[in-house]
Amino acid sequence: MRIILVGFGTVGKGVTTIIGRRYTENAKAYGFNPKIVAIADIDGAVIDQRGLSAQKLEEIKQRGYPISADPDFGHPGMPALDVIESVEAEVVVEVTPVNIKNAEPALSHITKAFKTGKHVVTTNKGPLALAMPALTELAEYNNVYFRFSGTVGGGTPMLEFAKRCLDGDRILSIRGILNGTTNYILTEMSVNRVSFQDALANAQKLGYAEREPSMDIDGFDTACKVVILSNWIMNQKVTLKDVNRTGIREVTLKGLDDASKRGNTIKLIGSIYNDKPTVKPTELPKNHPLCVSGVLNAITYSTEYAAEQTLIGRGAGGMETASAVLRDLLDIRHKLANRLLNNNSES
Ligand SMILES: NC(=O)c1ccc[n+]([C@@H]2O[C@H](COP(=O)([O-])OP(=O)(O)OC[C@H]3O[C@@H](n4cnc5c(N)ncnc54)[C@H](OP(=O)(O)O)[C@@H]3O)[C@@H](O)[C@H]2O)c1
């Protein structure tokens, strides 16, 4: 499997590390022989059809140069779109920064990949939040696979669990704590009685929150994940504008105290109930399995037969999220092998 990696930041580096590890074991167990033939970031690209050495590229970056400064395989200034168009590969792994205004540059990268017959794995919520129904249709039209496990729950297999482990059952509703930053802030407020502003400042100091924290605290990040769950798991056709969204700016210490007297606490919950995608601070019993603290994420699927199923895990992290990319690559590899088998038995 030849891979073009677009973006060489926290997740991109995690992907190159994970792909390099246990290579022989994966080849034996899954017939999986991945080779990263190109990496593109904002400054240019490196391309080698025989496979790139991620370690060498990290060293170049650590010395303060862009990866495209590689003297042997560098292409300074070459845009990712040209790389996707011109380099021969089976899969594009898209891991550039999220943008919920127009989803760029990821939206163009993904559509270019589809149109050139390449499967796509992404951890970028932007294109899915704004155009998921159109993108899944375009992938089908071009007969390629589109996978995005790392967009919800980081390395925790929230999407795969719902898609594959509940066969024959029916998911009636979904509730989740899908954003670690806001969960950290609410936990600090309720457990340590810190004000919202101080808890936010702590989150920023620890690197959990951006300097511009609106994406997290106004609930946009959770809403993006609710859109992905609505489309992929509940078979709806919705985008970000369809989500009824309230963030955590109005949550107060008094509100948390009042909830506590009732044995509850307040969490930012993303939910799909009666087909309505919603994000809002919600009271939850402190002893409910969903009620995780700190930066943890959790999701509860309410199902017709198996009742409530809750998954808990880290919702972010370079290696964690890269592990979701690996699972998606293995899934594509498995599907391609099945396609080949079916074609051979038909012919
Ligand atoms: N980090 C996590 O824990 C996590 C978890 C789940 C999902 N995600 C999602 O995964 C994606 C990647 O996250 P990250 O943490 O790896 O971000 P990051 O560290 O900021 O890395 C982004 C990479 O994309 C490159 N890039 C920016 N604009 C580009 C362009 N126009 N063309 C090609 N490359 C471009 C950047 O290059 P420069 O460095 O040169 O700017 C950088 O290499 C994001 O969408 C994020 O929301 C991240």
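**Close-up views of a predicted model**

**View 1. Contacts of threonine 265 in a predicted model.** Leaving aside residues up to four places away in sequence, threonine 265 touches Ser190, Leu256, Ala259, Thr282, Glu283, Leu284, Lys286 and Cys291. Strand β10, which covers residues 264-273, contains threonine 265. With a relative accessible area of 7%, threonine 265 falls under the 20% limit and is therefore buried.

**View 2. The shell around the ligand.** The ligand is surrounded by 24 residues, and the closest are Phe8, Val11, Thr96, Thr123 and Gly317. Sorted by class, this shell holds ten nonpolar, ten polar and four charged residues. Helix α1 (10-20) supplies at least two residues of the shell, and β2 (35-41) also supplies at least two.

**View 3. Helix α1 and the elements packed against it.** The buried residues of α1 are Val11, Gly12, Gly14, Val15, Thr16, Ile18 and Ile19. These buried residues pack against β1 (2-6), α2 (23-30), β2, α3 (54-62) and α13 (318-346). Valine 11, one of the buried residues of α1, is also among the residues closest to the ligand. Just after α1, arginine 22 has a positive phi of about 45°.

**View 4. The largest nonpolar core.** In soluble globular proteins, nonpolar side chains tend to be buried together. The largest nonpolar core here has 70 residues. The members that touch the most other members are Ile4, Phe146, Ile174, Ile185, Leu229, Ile233 and Tyr301. Helix α11 (residues 220-232) gives the most to this core, with seven residues.

**View 5. Isoleucine 233 and a second core.** Not counting residues up to four places away in sequence, isoleucine 233 touches Leu159, Ala162, Lys163, Ile171, Ile174, Ile228 and Tyr301.

Definitions and conventions:
Residues are numbered from 1 along each chain as its sequence is written. This is a predicted model: local features need pLDDT of at least 70, side-chain atom pairs count only at pLDDT 80 or more; totals for chains, interfaces and linings use all residues. Side-chain values use heavy atoms; hydrogens and water are left out. A residue is near a molecule or strand if one of its heavy atoms lies within 4 Å of it. Helices (H or I, at least four residues) and strands (E, at least two) are DSSP runs, numbered from the N terminus. Ala, Val, Leu, Ile, Met, Phe, Trp, Tyr, Cys and Pro count as nonpolar, Asp, Glu, Lys and Arg as charged, and the others, Gly among them, as polar. Buried means under 20% relative accessible area, exposed over 50%, partly exposed in between (1.4 Å probe, protein chains only). Contact means heavy atoms within 4.5 Å. A nonpolar core is a set of buried Ala, Val, Leu, Ile, Met, Phe, Trp, Tyr and Cys residues joined through side-chain atoms within 4.5 Å.
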